[in-house]
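Reader: I want to go through this model with you, pocket and strands both. Can you start with the terms?

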Amino acid sequence: MERRYLIVPGLRSSRIYVIDTKGNPTGPEIVKVLEPDELAKRAGYSRPHTVHCGPEGLYVTALGGANGEDGPGGIALLDHTSFEILGRWEVDRGPQYFAYDAWWHIAHDVLVTSEWGTPSMIEDGVVGELLLGRKYGHALHFWDLRKRKHVQTVDLGDQHQMALELRPAHDPTRQYGFVGVVVSVEDLSASVWLWLWHRDGDQWAATKVISIPAEPAAAEDLPPVIAPFGAVPPLVTDIDLSVDDQWLYVSCWGTGELKRYDVSDPFHPVEAGSVRIGGIVGRTPHPAAPDLPLAGGPQMVEVSRDGKRVYVTNSLYGAWDDQFYPDGVGAWAAKLDSDLTGFTFDQRFFPHGDDFRGLRPHQTRLQGGDASSDSYCYP
(Lines give C-alpha, C1' and ligand atoms only; values in the text may rest on other atoms or scores of the structure.)
Protein backbone atom coordinates (compact mmCIF):
# COMPACT_ATOMS: atom_id res chain seq x y z
CA MET A 1 0.00 0.00 0.00
CA GLU A 2 1.27 3.45 -0.86
CA ARG A 3 -0.03 6.97 -1.25
CA ARG A 4 0.37 7.31 -4.98
CA TYR A 5 -2.78 8.38 -6.80
CA LEU A 6 -4.86 11.52 -6.65
CA ILE A 7 -8.54 10.94 -7.37
CA VAL A 8 -9.84 14.25 -8.71
CA PRO A 9 -13.60 14.74 -9.20
CA GLY A 10 -14.87 17.28 -11.71
CA LEU A 11 -17.87 18.84 -10.01
CA ARG A 12 -19.06 20.61 -13.14
CA SER A 13 -17.94 18.11 -15.79
CA SER A 14 -18.92 14.96 -13.83
CA ARG A 15 -15.60 13.40 -14.85
CA ILE A 16 -13.32 11.64 -12.40
CA TYR A 17 -9.57 11.83 -13.04
CA VAL A 18 -6.98 9.37 -11.72
CA ILE A 19 -3.58 11.06 -11.46
CA ASP A 20 -0.34 9.16 -10.77
CA THR A 21 2.09 11.18 -8.64
CA LYS A 22 4.78 8.53 -8.15
CA GLY A 23 7.07 8.93 -11.14
CA ASN A 24 7.29 12.72 -11.03
CA PRO A 25 5.40 14.44 -8.19
CA THR A 26 5.99 17.86 -9.77
CA GLY A 27 4.63 16.62 -13.09
CA PRO A 28 1.91 14.08 -12.25
CA GLU A 29 0.29 12.12 -15.07
CA ILE A 30 -3.41 11.55 -15.77
CA VAL A 31 -3.64 7.77 -16.19
CA LYS A 32 -7.41 7.26 -16.28
CA VAL A 33 -10.54 9.32 -16.91
CA LEU A 34 -13.99 8.13 -15.91
CA GLU A 35 -16.50 9.85 -18.17
CA PRO A 36 -19.84 11.26 -16.95
CA ASP A 37 -21.91 8.75 -18.91
CA GLU A 38 -20.09 5.90 -17.18
CA LEU A 39 -20.73 7.43 -13.75
CA ALA A 40 -24.40 7.88 -14.64
CA LYS A 41 -24.83 4.40 -16.13
CA ARG A 42 -23.01 2.37 -13.49
CA ALA A 43 -23.87 4.35 -10.34
CA GLY A 44 -26.77 6.60 -11.33
CA TYR A 45 -24.93 9.77 -10.25
CA SER A 46 -23.41 13.01 -11.51
CA ARG A 47 -21.43 15.93 -10.09
CA PRO A 48 -18.85 13.99 -8.01
CA HIS A 49 -17.47 16.03 -5.14
CA THR A 50 -15.74 14.30 -2.20
CA VAL A 51 -13.42 11.28 -2.25
CA HIS A 52 -12.53 8.99 0.66
CA CYS A 53 -10.68 5.69 0.82
CA GLY A 54 -13.35 3.39 2.23
CA PRO A 55 -13.54 -0.12 3.64
CA GLU A 56 -14.34 -1.87 0.35
CA GLY A 57 -13.41 0.73 -2.24
CA LEU A 58 -13.13 4.43 -2.95
CA TYR A 59 -16.20 6.37 -1.84
CA VAL A 60 -17.06 9.28 -4.16
CA THR A 61 -19.97 11.40 -3.02
CA ALA A 62 -22.02 12.96 -5.82
CA LEU A 63 -24.51 15.80 -5.64
CA GLY A 64 -26.72 14.82 -8.55
CA GLY A 65 -28.61 11.93 -10.06
CA ALA A 66 -27.98 10.53 -13.52
CA ASN A 67 -29.65 13.47 -15.33
CA GLY A 68 -27.19 15.98 -13.87
CA GLU A 69 -29.81 18.42 -12.59
CA ASP A 70 -31.80 16.81 -9.82
CA GLY A 71 -31.26 14.13 -7.18
CA PRO A 72 -30.99 11.92 -5.48
CA GLY A 73 -27.29 12.32 -4.92
CA GLY A 74 -25.31 9.71 -3.10
CA ILE A 75 -22.13 7.65 -3.08
CA ALA A 76 -20.46 5.94 -6.03
CA LEU A 77 -18.10 3.09 -5.21
CA LEU A 78 -14.82 2.71 -7.12
CA ASP A 79 -12.46 -0.26 -7.10
CA HIS A 80 -9.32 0.42 -5.04
CA THR A 81 -6.96 -0.98 -7.67
CA SER A 82 -8.52 -0.60 -11.12
CA PHE A 83 -10.50 2.58 -10.29
CA GLU A 84 -13.46 1.20 -12.21
CA ILE A 85 -16.92 2.29 -11.06
CA LEU A 86 -18.43 -0.64 -9.18
CA GLY A 87 -21.86 0.91 -8.78
CA ARG A 88 -24.02 2.75 -6.28
CA TRP A 89 -22.99 2.25 -2.67
CA GLU A 90 -26.50 2.51 -1.19
CA VAL A 91 -28.65 -0.60 -1.15
CA ASP A 92 -31.53 1.04 0.74
CA ARG A 93 -31.32 4.86 0.82
CA GLY A 94 -34.57 5.43 2.70
CA PRO A 95 -35.59 9.13 2.60
CA GLN A 96 -32.11 10.47 1.76
CA TYR A 97 -32.16 12.79 -1.30
CA PHE A 98 -29.56 15.56 -0.92
CA ALA A 99 -25.90 14.59 -0.69
CA TYR A 100 -22.60 16.21 0.18
CA ASP A 101 -20.04 14.61 2.53
CA ALA A 102 -19.69 11.09 3.90
CA TRP A 103 -17.64 9.69 6.77
CA TRP A 104 -17.87 6.73 9.11
CA HIS A 105 -17.30 5.21 12.52
CA ILE A 106 -15.69 2.17 11.01
CA ALA A 107 -15.31 0.17 14.23
CA HIS A 108 -19.06 0.50 14.80
CA ASP A 109 -20.26 -0.15 11.21
CA VAL A 110 -21.78 3.34 10.95
CA LEU A 111 -21.65 5.74 8.01
CA VAL A 112 -22.77 9.39 8.22
CA THR A 113 -23.76 11.64 5.30
CA SER A 114 -24.59 15.34 5.09
CA GLU A 115 -26.58 17.59 2.73
CA TRP A 116 -26.04 20.56 0.43
CA GLY A 117 -28.38 20.61 -2.59
CA THR A 118 -28.87 19.27 -6.10
CA PRO A 119 -26.79 20.60 -9.03
CA SER A 120 -29.54 22.98 -10.17
CA MET A 121 -29.56 24.50 -6.67
CA ILE A 122 -25.84 25.27 -6.49
CA GLU A 123 -24.21 25.51 -9.90
CA ASP A 124 -25.24 29.11 -10.67
CA GLY A 125 -24.71 30.35 -7.12
CA VAL A 126 -26.92 30.36 -4.07
CA VAL A 127 -30.59 30.79 -5.01
CA GLY A 128 -32.04 33.38 -2.63
CA GLU A 129 -35.60 32.13 -2.92
CA LEU A 130 -34.53 28.58 -2.08
CA LEU A 131 -32.38 29.74 0.82
CA LEU A 132 -35.07 31.90 2.39
CA GLY A 133 -37.57 29.16 1.64
CA ARG A 134 -35.38 26.77 3.66
CA LYS A 135 -35.04 24.37 0.75
CA TYR A 136 -31.33 23.49 1.02
CA GLY A 137 -30.13 20.49 3.00
CA HIS A 138 -30.32 20.60 6.81
CA ALA A 139 -30.08 16.99 7.99
CA LEU A 140 -27.65 14.20 8.78
CA HIS A 141 -28.23 10.63 7.69
CA PHE A 142 -26.94 7.56 9.52
CA TRP A 143 -26.38 4.25 7.78
CA ASP A 144 -25.52 0.64 8.52
CA LEU A 145 -22.07 0.60 6.93
CA ARG A 146 -21.98 -3.14 6.35
CA LYS A 147 -25.53 -3.51 5.00
CA ARG A 148 -25.45 -0.13 3.18
CA LYS A 149 -28.86 0.62 4.62
CA HIS A 150 -30.28 3.94 5.84
CA VAL A 151 -31.25 3.70 9.51
CA GLN A 152 -31.93 7.23 10.80
CA THR A 153 -32.31 10.90 9.80
CA VAL A 154 -31.43 13.68 12.25
CA ASP A 155 -32.88 17.01 11.14
CA LEU A 156 -30.96 20.04 12.45
CA GLY A 157 -33.94 22.32 11.77
CA ASP A 158 -34.75 23.88 8.41
CA GLN A 159 -33.44 27.27 9.51
CA HIS A 160 -29.94 25.74 9.55
CA GLN A 161 -29.23 25.67 5.84
CA MET A 162 -26.49 23.58 4.25
CA ALA A 163 -25.00 21.03 6.64
CA LEU A 164 -21.70 20.38 4.91
CA GLU A 165 -18.39 19.09 6.24
CA LEU A 166 -18.33 16.06 8.53
CA ARG A 167 -15.44 15.36 10.91
CA PRO A 168 -15.77 12.22 13.05
CA ALA A 169 -13.51 11.59 16.01
CA HIS A 170 -10.30 9.85 14.91
CA ASP A 171 -10.25 7.64 17.99
CA PRO A 172 -12.09 4.50 16.84
CA THR A 173 -13.54 3.90 20.31
CA ARG A 174 -15.47 7.19 20.17
CA GLN A 175 -18.89 7.60 18.57
CA TYR A 176 -19.15 11.31 17.96
CA GLY A 177 -18.24 13.87 15.35
CA PHE A 178 -18.78 17.44 14.17
CA VAL A 179 -20.63 18.98 11.24
CA GLY A 180 -20.45 22.58 10.05
CA VAL A 181 -23.60 24.48 9.05
CA VAL A 182 -23.13 27.36 6.61
CA VAL A 183 -25.90 29.73 7.66
CA SER A 184 -29.05 30.20 9.71
CA VAL A 185 -31.75 32.07 7.79
CA GLU A 186 -33.04 33.48 11.07
CA ASP A 187 -29.99 35.59 11.95
CA LEU A 188 -27.24 34.78 9.38
CA SER A 189 -25.19 33.03 12.05
CA ALA A 190 -23.18 29.88 11.33
CA SER A 191 -22.81 26.91 13.61
CA VAL A 192 -21.04 23.65 14.39
CA TRP A 193 -22.99 20.67 15.68
CA LEU A 194 -21.93 17.61 17.62
CA TRP A 195 -23.47 14.31 16.62
CA LEU A 196 -23.28 11.38 19.02
CA TRP A 197 -24.74 8.01 19.86
CA HIS A 198 -27.28 7.97 22.68
CA ARG A 199 -26.91 4.48 24.06
CA ASP A 200 -29.97 4.68 26.31
CA GLY A 201 -32.31 5.38 23.43
CA ASP A 202 -30.36 3.52 20.76
CA GLN A 203 -30.56 6.64 18.59
CA TRP A 204 -28.23 9.19 17.09
CA ALA A 205 -28.71 12.82 18.09
CA ALA A 206 -27.15 16.18 17.24
CA THR A 207 -26.72 19.29 19.34
CA LYS A 208 -25.38 22.75 18.49
CA VAL A 209 -22.10 23.34 20.35
CA ILE A 210 -20.70 26.40 18.52
CA SER A 211 -22.60 29.42 17.22
CA ILE A 212 -20.83 32.20 15.32
CA PRO A 213 -22.86 35.41 14.86
CA ALA A 214 -23.04 37.58 11.77
CA GLU A 215 -21.19 40.91 11.86
CA PRO A 216 -23.05 44.20 11.18
CA ALA A 217 -22.03 46.04 8.01
CA ALA A 218 -23.27 48.89 5.85
CA ALA A 219 -25.41 47.76 2.92
CA GLU A 220 -23.23 49.68 0.46
CA ASP A 221 -20.22 47.60 1.51
CA LEU A 222 -21.99 44.31 0.87
CA PRO A 223 -22.56 42.32 -2.34
CA PRO A 224 -26.15 42.37 -3.64
CA VAL A 225 -26.87 38.84 -2.44
CA ILE A 226 -26.66 39.91 1.24
CA ALA A 227 -26.94 43.72 1.09
CA PRO A 228 -30.58 43.75 2.30
CA PHE A 229 -29.54 42.08 5.56
CA GLY A 230 -27.02 44.72 6.65
CA ALA A 231 -24.64 42.08 8.01
CA VAL A 232 -21.84 39.75 6.94
CA PRO A 233 -22.59 36.08 7.59
CA PRO A 234 -19.63 34.00 8.80
CA LEU A 235 -20.40 31.33 6.17
CA VAL A 236 -18.70 28.31 7.75
CA THR A 237 -17.67 26.33 4.69
CA ASP A 238 -15.12 23.95 6.20
CA ILE A 239 -14.03 22.47 9.51
CA ASP A 240 -11.09 20.22 10.34
CA LEU A 241 -10.32 18.15 13.42
CA SER A 242 -6.75 17.47 14.52
CA VAL A 243 -5.68 13.82 14.63
CA ASP A 244 -5.55 13.84 18.44
CA ASP A 245 -9.19 15.06 18.47
CA GLN A 246 -8.25 18.11 20.57
CA TRP A 247 -8.47 21.04 18.14
CA LEU A 248 -11.28 21.92 15.77
CA TYR A 249 -10.50 24.51 13.10
CA VAL A 250 -13.46 26.43 11.65
CA SER A 251 -13.27 28.58 8.52
CA CYS A 252 -15.51 31.64 8.22
CA TRP A 253 -15.33 32.39 4.52
CA GLY A 254 -17.65 35.40 4.75
CA THR A 255 -16.06 37.33 7.60
CA GLY A 256 -12.52 36.21 6.74
CA GLU A 257 -11.74 34.48 10.01
CA LEU A 258 -10.20 31.16 10.96
CA LYS A 259 -11.12 30.03 14.45
CA ARG A 260 -9.62 27.30 16.60
CA TYR A 261 -11.52 25.56 19.39
CA ASP A 262 -10.33 23.22 22.10
CA VAL A 263 -12.78 20.31 21.81
CA SER A 264 -11.19 18.04 24.42
CA ASP A 265 -14.69 18.15 25.88
CA PRO A 266 -16.70 17.94 22.64
CA PHE A 267 -19.88 19.10 24.38
CA HIS A 268 -18.24 22.36 25.48
CA PRO A 269 -15.78 23.73 22.88
CA VAL A 270 -13.59 26.60 24.06
CA GLU A 271 -12.30 29.14 21.55
CA ALA A 272 -8.51 28.99 21.63
CA GLY A 273 -7.34 31.23 18.83
CA SER A 274 -8.47 33.31 15.88
CA VAL A 275 -6.86 35.01 12.88
CA ARG A 276 -8.30 37.28 10.19
CA ILE A 277 -7.48 37.28 6.50
CA GLY A 278 -9.62 38.52 3.59
CA GLY A 279 -13.35 38.79 4.21
CA ILE A 280 -16.29 40.31 2.34
CA VAL A 281 -15.89 43.64 4.17
CA GLY A 282 -12.63 43.33 6.11
CA ARG A 283 -10.23 42.55 3.22
CA THR A 284 -7.57 41.87 5.85
CA PRO A 285 -4.09 41.49 4.32
CA HIS A 286 -1.59 38.71 5.02
CA PRO A 287 1.22 39.77 7.39
CA ALA A 288 3.72 39.03 4.62
CA ALA A 289 2.03 41.63 2.35
CA PRO A 290 0.44 44.19 4.70
CA ASP A 291 -0.43 46.62 1.88
CA LEU A 292 -2.40 44.07 -0.17
CA PRO A 293 -6.12 43.87 0.70
CA LEU A 294 -7.41 40.36 0.12
CA ALA A 295 -10.73 39.02 -1.10
CA GLY A 296 -12.02 35.57 -0.29
CA GLY A 297 -11.39 34.17 3.15
CA PRO A 298 -10.27 30.98 4.86
CA GLN A 299 -12.28 28.36 2.97
CA MET A 300 -10.85 24.84 2.81
CA VAL A 301 -8.74 23.92 5.84
CA GLU A 302 -6.14 21.16 6.02
CA VAL A 303 -4.22 20.15 9.15
CA SER A 304 -1.02 18.13 9.10
CA ARG A 305 -1.00 14.84 10.94
CA ASP A 306 1.29 16.23 13.65
CA GLY A 307 -1.09 19.19 14.13
CA LYS A 308 1.68 21.77 13.71
CA ARG A 309 0.73 23.06 10.24
CA VAL A 310 -2.62 24.42 9.09
CA TYR A 311 -3.25 25.35 5.45
CA VAL A 312 -6.13 27.46 4.14
CA THR A 313 -7.21 28.40 0.63
CA ASN A 314 -9.62 31.12 -0.43
CA SER A 315 -11.95 29.91 -3.21
CA LEU A 316 -15.25 28.13 -2.59
CA TYR A 317 -16.82 27.58 -6.03
CA GLY A 318 -16.78 29.84 -9.06
CA ALA A 319 -20.43 30.91 -9.11
CA TRP A 320 -20.48 31.40 -5.33
CA ASP A 321 -17.15 33.28 -5.37
CA ASP A 322 -18.61 35.71 -7.88
CA GLN A 323 -21.78 36.25 -5.83
CA PHE A 324 -20.11 37.01 -2.52
CA TYR A 325 -16.97 38.66 -3.95
CA PRO A 326 -18.30 40.29 -7.17
CA ASP A 327 -15.17 42.44 -7.59
CA GLY A 328 -13.07 39.29 -7.78
CA VAL A 329 -12.15 36.64 -5.24
CA GLY A 330 -8.47 36.66 -6.17
CA ALA A 331 -6.23 33.70 -5.38
CA TRP A 332 -4.16 32.91 -2.33
CA ALA A 333 -3.18 30.21 0.12
CA ALA A 334 -1.73 30.57 3.60
CA LYS A 335 -0.01 28.42 6.19
CA LEU A 336 -0.36 28.82 9.94
CA ASP A 337 1.80 27.37 12.69
CA SER A 338 -0.22 25.81 15.49
CA ASP A 339 0.79 24.86 19.03
CA LEU A 340 -0.66 24.82 22.53
CA THR A 341 -0.42 28.60 22.86
CA GLY A 342 -2.33 29.43 19.69
CA PHE A 343 -1.68 29.72 15.99
CA THR A 344 -0.02 32.34 13.80
CA PHE A 345 0.66 33.00 10.13
CA ASP A 346 3.88 31.67 8.64
CA GLN A 347 5.14 34.71 6.73
CA ARG A 348 7.36 32.55 4.53
CA PHE A 349 4.38 30.82 2.90
CA PHE A 350 1.94 33.04 1.02
CA PRO A 351 1.46 32.05 -2.63
CA HIS A 352 -0.99 34.46 -4.23
CA GLY A 353 -2.02 36.26 -7.40
CA ASP A 354 0.05 35.22 -10.41
CA ASP A 355 1.43 32.24 -8.49
CA PHE A 356 -1.84 30.51 -9.37
CA ARG A 357 -1.83 31.55 -13.08
CA GLY A 358 -5.40 32.83 -13.02
CA LEU A 359 -6.80 29.74 -11.26
CA ARG A 360 -8.64 29.60 -7.94
CA PRO A 361 -7.11 27.46 -5.15
CA HIS A 362 -9.58 25.25 -3.31
CA GLN A 363 -8.41 21.94 -1.81
CA THR A 364 -5.05 21.04 -0.28
CA ARG A 365 -3.76 17.50 0.25
CA LEU A 366 -0.51 16.83 2.08
CA GLN A 367 2.05 14.23 1.09
CA GLY A 368 1.85 11.29 3.50
CA GLY A 369 -1.65 12.18 4.66
CA ASP A 370 -3.37 14.83 6.75
CA ALA A 371 -6.02 15.11 9.46
CA SER A 372 -9.00 14.72 7.15
CA SER A 373 -7.63 12.04 4.82
CA ASP A 374 -6.77 9.66 7.67
CA SER A 375 -10.08 8.49 9.00
CA TYR A 376 -8.89 6.65 12.11
CA CYS A 377 -5.71 6.31 14.09
CA TYR A 378 -4.87 6.20 17.76
CA PRO A 379 -3.39 9.41 19.18
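Author: Ala, Val, Leu, Ile, Met, Phe, Trp, Tyr, Cys and Pro count as nonpolar, Asp, Glu, Lys and Arg as charged, and the others, Gly among them, as polar. The model is predicted: local features need pLDDT of at least 70, side-chain atom pairs count only at pLDDT 80 or more, and totals for chains, interfaces and linings use all residues. Residues are numbered from 1 along each chain as its sequence is written, and side-chain values use heavy atoms, with hydrogens and water left out.

Reader: How do the residues lining the second largest pocket divide into nonpolar, polar and charged?

Author: The lining has 18 nonpolar residues, 2 polar and no charged. A pocket here is an open set of points on a 1 Å grid over the protein atoms alone, where a 1.4 Å probe fits, with protein on both sides within 12 Å along at least five of seven lines; lining residues have an atom within 4 Å of a point.

Reader: What volume does the second largest pocket have?

Author: About 250 Å³. Of its 20 lining residues, Val-126, Leu-131, Val-225, Ile-226 and Phe-324 are the closest to the centre. Volume means the space filled by probe spheres set on the points, which are joined across faces, edges and corners.

Reader: Which element gives the most to that lining?

Author: α3 does, with 3 residues. The elements giving two or more are α3 (128-132), β13 (176-184) and α4 (318-324). Helices (H or I, at least four residues) and strands (E, at least two) are DSSP runs, numbered from the N terminus.

Reader: New topic. Is Thr-237 buried or exposed?

Author: Thr-237 is buried, at 4% relative accessible area. Buried means under 20%, exposed over 50%, partly exposed in between (1.4 Å probe, protein chains only). Thr-237 sits in strand β18 (residues 236-241).

Reader: Which side chain makes a polar contact with the one of Thr-237?

Author: That of Gln-299, at 3.0 Å. A polar contact is a pair of N or O atoms within 3.5 Å; within protein, one must be able to donate a hydrogen and the other to accept it, and residues adjacent in sequence count only if both atoms are side-chain atoms.

Reader: And what about Arg-167?

Author: Its side chain has a polar contact of 3.1 Å with that of Asp-238 and one of 3.4 Å with that of Asp-240. Arg-167 lies in strand β12 (residues 160-168). Arg-167 counts as buried, at 7% relative accessibility.

Reader: Back to β18. How many bridges join it to β19?

Author: There are 5, and the strands run antiparallel. Leu-241 has Leu-248 as its bridge partner in β19. Two strands pair if DSSP finds at least two bridges between them. β19 is also joined by 6 bridges to strand β20 (residues 257-262), again antiparallel.

Reader: Which residues of β19 are covered on each side?

Author: Trp-247, Tyr-249 and Ser-251 are buried on one side, and Leu-248, Val-250 and Cys-252 on the other. In a regular strand, side chains alternate between the two faces of the sheet.

Reader: What is phi at Met-162?

Author: Near 75°, a positive value in a residue other than glycine. Met-162 belongs to strand β12 and is buried at 2% relative accessible area. Leu-235 has a positive phi too, of about 55°, and is in the loop between β17 (231-232) and β18.
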